Number of protein chains: 2
Amino acid sequence: MQQASYLINGECAQGVSPLDRGFAYGDGIFRTLKVVKGAPVQWSLHYQKLVNDCNVLGIACPDSDLLMQDVEKLFSTSKVTEAVLKVIITRGTGGRGYAVPETVAPSRILIQTDMPTYDESYYQTGVDLFLCETRLAHQPQLSKIKHLNRLENVVARAEVSESFFDGLLRDLDGHVVECTSANLFIRNGRTLYTSALNQCGVAGVTRQRIMDIAPKLGFTIQEADFTLAQLFGADEVMISNSVYGAFQVKTVGEKKWVQQPLAEQIRIELDAS
Amino acid sequence: MQQASYLINGECAQGVSPLDRGFAYGDGIFRTLKVVKGAPVQWSLHYQKLVNDCNVLGIACPDSDLLMQDVEKLFSTSKVTEAVLKVIITRGTGGRGYAVPETVAPSRILIQTDMPTYDESYYQTGVDLFLCETRLAHQPQLSKIKHLNRLENVVARAEVSESFFDGLLRDLDGHVVECTSANLFIRNGRTLYTSALNQCGVAGVTRQRIMDIAPKLGFTIQEADFTLAQLFGADEVMISNSVYGAFQVKTVGEKKWVQQPLAEQIRIELDAS
């Protein structure tokens, strides 16, 4: 297993109370991001997402300053240039039962793990995706937010053998939504489409950044629901997350795409801004 | 907050690792049951459900003997006659990412809480339910099992004020499925219907016991999808869980039902078997 260190509410505690509602019900949210020389990349955008997702669940998100103090403490002894940070905010510790206790203080858990290394070919020619049978359920009340109820991702990921980079997920209507750990873009000419995520899926920070960057590169960006046939017919397919940025998709099953310059252009823009 | 004590993998540990996949993704299952004089009520049925639910997720359920050793240790100093036990089984501790590690040992967490006290009127005339706006998503791959992804229950329960006993949940198609913490039965004449749970919902042990008991009391039992209109038109509505057994439903919104003998008959049978 890879190395990991963590802080629980700012302390080097042994573990999270099993009465924490994050553990009991997945009553919380999280974000995963890159840390370079101790500094979280695009922190303000990630913090905005943490606040937004907490708001959806009615959790009081801890102050940015407090989380940054934790980051400093967690990375103070770190010897690596790049690492991955996971920030988890839960509703806090409560008694038995789903009702939110009248007084409850959110828990914050920060976990540092090693930066994964990616095959050079992912950058050059792209990645292979497996088309999962697991479908994402429609739950508009919880779509877009990155909550701790991620069994669908676990079950879907279990379908994906090691020869694939990630698994491609459709919803119950057959629309292509995302990968288990990435958002999805398809390009047709100068238009870039990304799943609308109104019924399911996670709205990643890097997805948002790419939507902001695209017009600068001369692309029209559009949120839409698209089918597998539309994905197969696309000029180019790309996936994104906040650890690796963006990779072109090389294959989904029998379908192959030739190498294109978009993912690299996007990576350059992501690194520059 | 109510009193609670717990064991983590048989030990009086401080907490669960934040790297435990139960915390990270809700990658685990649980059951809640009554314990009388240190003995879990209907343990073999609850254990069957634990095994079944673990199997759905591909988790190796710990042996019944091991869990019973934990129960003995947890309740050895208990001075109360009745208590509530929650048994949580997670996939165990893993690194970052949804993929299940090649070697992973399940975690078991047992939590003892106080037996709640119920208003005498619940037994005599029944309970009031609130009709929740939150809808249950369709996810046939995860329906019936009592997994740790329970945000829908949390969000729905937050709609329910203290003047109601529980919240009534419909799915996205408008079918009435269950309550946030109970299964649901409706009676029409001598037929007892319970939600089929093919798309969502939790198949409780007490639901199963009532399905087994019903024919002895002269009822035909049937699993079905039913609408709110069908529920409103029912002769009687009843909810069940493993802590209180069964309660008649007295009201849902404006709809009222007169007192009926079924829930008490069911409670007597549940206590006798």
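Are A:Asp53 and A:Arg31 buried or exposed? A:Asp53 is buried, and A:Arg31 is buried as well, where buried means under 20% relative accessible area, exposed over 50% and partly exposed in between, with a 1.4 Å probe and protein chains only.

Colleagues, a word on the basis of this talk. This is a predicted model, in which local features need pLDDT of at least 70 and side-chain atom pairs count only at pLDDT 80 or more, while totals for chains, interfaces and linings use all residues. Residues are numbered from 1 along each chain as its sequence is written, chains are lettered from A and ligands numbered from 1 in the order in which they are written, and side-chain values use heavy atoms, with hydrogens and water left out.

I return to the opening pair. The side chains of A:Asp53 and A:Arg31 form a salt bridge at 2.7 Å, N to O; the term denotes a side-chain nitrogen of Lys or Arg within 4 Å of a carboxyl oxygen of Asp or Glu. A:Asp53 belongs to helix H2 (residues 43-57) and A:Arg31 to strand E2 (residues 28-36) of chain A, 22 residues apart. Helices (H or I, at least four residues) and strands (E, at least two) are DSSP runs numbered from the N terminus.

In chain B, B:Asp53 forms a salt bridge with B:Arg31, with the closest N and O atoms 2.7 Å apart. B:Arg31 counts as buried because its relative accessibility is 2%. A polar atom of the B:Arg31 side chain also lies 3.0 Å from the backbone oxygen of B:Ala203.

Another salt bridge joins the side chains of A:Lys34 and A:Glu82 at 3.7 Å, N to O. A:Lys34 lies in strand E2 and A:Glu82 in strand E4 (residues 82-90) of chain A, so the pair ties together parts 48 residues apart in sequence. Over all chains, the whole structure holds 18 salt bridges.

Let us turn to the two chains together. How many salt bridges are counted between chain B and chain A? The count is 0. The contact, meaning heavy atoms within 4.5 Å, takes 63 residues from chain B and 63 residues from chain A. The chains bury about 4,900 Å² between them, 65% of it on carbon and sulfur atoms; this buried area is the accessible area (1.4 Å probe) that two parts lose on being put together, summed over both. In chain B, B:Phe23, B:Arg96 and B:Tyr98 lose the most area to chain A, together 19% of what that side buries.

Technical notes
Polar contact = N/O pair within 3.5 Å; in protein donor to acceptor, adjacent residues only side chain to side chain.
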